[in-house]
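Subject: The structure we talked about

Hi there,

Here is the structure I promised to pass on.

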Amino acid sequence: MENLFNSELKVINMGLEEFAETLKERGTQVIHVRWQPPAMGDDNLLSLLDKLK
Amino acid sequence: MSKIDQANQEAVKKMMMSRPVWVDIGRAKDVIPGMKDNLFLHAGPPITWDRMSGPLKGAIIGGLIYEGKAKNAEEAEKIAESGEIEFSPCHHYNAVGPMAGVTTPSQMVFIIEDEEWGGNTYSNMNEGYGKVLRYGAYDDEVLNRLRWLDEVYAPCLKEAVKLAKGVDMKSIIAQALHMGDDAHNRNRATTSLFIRTIAPFIVETDFGKETDYDAPRLDLSNVSEYFKGNKASVAAEVLAFMHSNDLTSLNAIMAACKSMALAAHGIENSTMVTTMARNGTDFGIRLSSTGDKWFTAPANVPDGLFFSGFKSSDANRDIGDSVITETVGVGGFAMAAAPAIVNFIGGSPADAFDATNEMYEITIAENNNFNIPAMDFKGTPTGIDVRKVVEKNIVPRINTGIAHKEAGIGQVGAGIVKPPMEMFIDALKELAK
């Protein structure tokens, strides 16, 4: 753990892009991965999608 | 593979196998089955006069004056309100029209034949940029240009395409993607190829010698001073007009795309989108397996670059059938092929690549006809799957012109617009019933 905080940070950011932008502004190496919960996290839509597999 | 996936593969295969060829031009009421004197076609899903946006109302008013049914805007509005004229989507007649898409009985239309699956699709003549009927403008300049297009330009092209024995539209789209077009908002290459293909035959028609005609003459001095002092041949005027308007090919391209979309329509169990269209009030989609049923939601307002003197608050909601291009895997879906388009709609070339890459997330296939050189000739993302749109929360990417929200003004810019997610969710619910 100590090593982690003493070494240069290289970040993979998933989801909210703003977090990646903030890190970039501070000079941290960051790769952003576009991700969001399937079907906007809506259980009803997920069950419809299950029906249509 | 599930029965839905099999159906989608069949639908997208049929779409890609379609072979749209421009074979003829004719008067709408003579060549579009079901077209009649009191029927006006418009872009997008069905809509009544009272709910129409400014540009669509403007185009209807202009159409009524053009058809000789009204003397002025006031009279035209009364006729439109009275129910005397039937309004119907172009799509219900296998036609498509950019922006307001208003197609009246006397207008001349391109006839595109699907040489693989049979059947015809249609679209009227493109008027150029700025103050034009399809953006809701209807002053004398607009109406005179329409007369010239229908009485001089279209008859000349009709004779030319007969001599050419048809023009392969799919080949033009495929080549244009290699020349920096998206085949929707950037049409410099499609139009150049279109002109190059048809020009020898235009010259060969009787219009190559004819210099006198009754219709109002166009001012072509913006093309060359030559046209100011000389009475040119019809063929020369037609070619000069085609050259002056990068959108010359757009309507025929759209009808070709409609042909491809139609080939994929009616496949049982398919969750693929076969129609996307906007009427300036609502956005509507139809699916391959759900027949003629429209799923609609309020259209969004496009965001982009505005012509000098106009601003975002002037913009109307999204309008037009031209999104048929995205429906078959070009337009915004092929933006990576057209990085220069950002000069017209805003953003950066990297955004163009992002847009295309994102569309692979919601589509069924990589197109085997249309590909992108800068992406190692990868096929464009083709065949929108409603399930993927909802699952990924990614809506189709659309490039579009922007109309002024008031009737009679015209185009004020170009940009991008997002279709509303609600209609994709409604379509999904229908499929799951």
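This is a predicted model: local features need pLDDT of at least 70, side-chain atom pairs count only at pLDDT 80 or more; totals for chains, interfaces and linings use all residues.

In chain B, 4 strands make up an open sheet with antiparallel pairing, in the order β5-β4-β1-β6. The edges are taken by β5 (120-124) and β6 (167-168) of chain B; each has a single partner strand, so one side of each is left without a neighbour in the sheet. Helix α10 of chain B (residues 250-263) packs on this sheet and touches β1, β4 (108-114) and β5 of chain B, with its direction at about 150 degrees to that of β5(B). As for β6(B), 2 bridges join it to the antiparallel strand β1 of chain B, residues 20-27. If you want a place to look, B:Val21 stands opposite B:Asp168 in β6(B).

Now for the domains. Chain B splits into domain 1 (3-251) and domain 2 (268-432), and their C-alpha centres are 21 Å apart. Domain 1 of chain B gives 52 residues to the contact and domain 2 of chain B gives 69. How much area do these two domains of chain B bury between them? The figure is about 4,400 Å², with 63% of it on carbon and sulfur atoms.

Polar links are there too: between domain 1 and domain 2 of chain B there are 2 salt bridges and 23 residue pairs in polar contact. On the domain 1 side of chain B, the elements giving two or more residues are α1 (3-17), α3 (54-66) and α6 (169-177) of chain B.

Last, the interface between the chains. Chain B contributes 15 residues to the contact and chain A contributes 13. Together the two chains bury about 1,200 Å², 68% of it on carbon and sulfur atoms. Chain B and chain A share 4 residue pairs in polar contact, and 2 salt bridges are found across their interface. In a salt bridge at 3.8 Å, N to O, the side chain of A:Arg34 meets that of B:Glu358. On the side of chain B that touches chain A, two or more residues come from each of α13 (349-359), α14 (386-392) and α15 (421-432) of chain B. Which element gives the largest share of that side? That is α15(B), with 6 residues.

How values were computed: Residues are numbered from 1 along each chain as its sequence is written. Chains are lettered from A and ligands numbered from 1 in the order in which they are written. Side-chain values use heavy atoms; hydrogens and water are left out. Two strands pair if DSSP finds at least two bridges between them. Contact means heavy atoms within 4.5 Å. Axes are lines fitted to C-alpha atoms, for helices over the stretch in contact, and angles run from 0 to 180 degrees between N-to-C directions. Domain bounds come from an automatic or database domain assignment. Buried area is the accessible area (1.4 Å probe) that two parts lose on being put together, summed over both. A salt bridge is a side-chain nitrogen of Lys or Arg within 4 Å of a carboxyl oxygen of Asp or Glu. A polar contact is a pair of N or O atoms within 3.5 Å; within protein, one must be able to donate a hydrogen and the other to accept it, and residues adjacent in sequence count only if both atoms are side-chain atoms.
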